[in-house]
Amino acid sequence: MSQIDVGKLIVRLSEAYQNASDAPRYSAEFGGKQMVILPSKDLEKEIHQIMTNTLH
């Protein structure tokens, strides 16, 4: 991927997370690292679509 394509991917993923801003969030620790979990089916679908379009 070119640097421009990576930038576009970051923007699209950021937009997906912004679209899920009203979804509940949970905090958990995995392997000593603090993570934020968004159990959102809509976010999952949107990220899957973005990644599918990016990789194909």
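## Leu-9 and its surroundings

Leave out residues up to four places away in sequence, and Leu-9 touches Met-1, Ile-50, Met-51 and Thr-54, where contact means heavy atoms within 4.5 Å. Keep in mind that this is a predicted model: local features need pLDDT of at least 70, side-chain atom pairs count only at pLDDT 80 or more, and totals for chains, interfaces and linings use all residues. Numbering starts from 1 along each chain as its sequence is written, and side-chain values use heavy atoms, with hydrogens and water left out.

Leu-9 also belongs to the largest nonpolar core, a group of seven residues that it forms with Ala-16, Ala-20, Ala-23, Leu-38, Leu-43 and Ile-50. Two or more residues of this core come from each of α1 (3–19) and α2 (41–55). A nonpolar core here is a set of buried Ala, Val, Leu, Ile, Met, Phe, Trp, Tyr and Cys residues joined through side-chain atoms within 4.5 Å. Buried means under 20% relative accessible area, exposed over 50%, and partly exposed in between (1.4 Å probe, protein chains only). In soluble globular proteins, nonpolar side chains tend to be buried together.

Now for the chain as a whole. Going from the N terminus, its elements run α-β-β-α, which makes two helices and two strands; helices (H or I, at least four residues) and strands (E, at least two) are DSSP runs, numbered from the N terminus. The radius of gyration is 13 Å, well over the 10 Å that the globule rule gives for 56 residues, so the protein chain is more spread out than a compact globule. That radius is taken over C-alpha atoms, and the rule is 2.2 Å times the number of residues to the power 0.38. Along the principal axes, the C-alpha atoms fill a box of roughly 35 × 25 × 15 Å. Of the 56 residues, 14% count as buried.

| Residue | Helix | Relative accessible area | C-alpha to C-alpha distance |
|---|---|---|---|
| Met-51 | α2 | 29% | 8.5 Å to Leu-9 |
| Tyr-17 | α1 | 40% | 12 Å to Lys-45 |

Met-51 is partly exposed, and 42 residues of sequence separate Met-51 from Leu-9. Tyr-17 is partly exposed as well. Setting aside neighbours within four places in sequence, Tyr-17 is in contact with Arg-25, Leu-38, Leu-43 and Ile-47; of these, Leu-38 and Leu-43 are in the largest nonpolar core.
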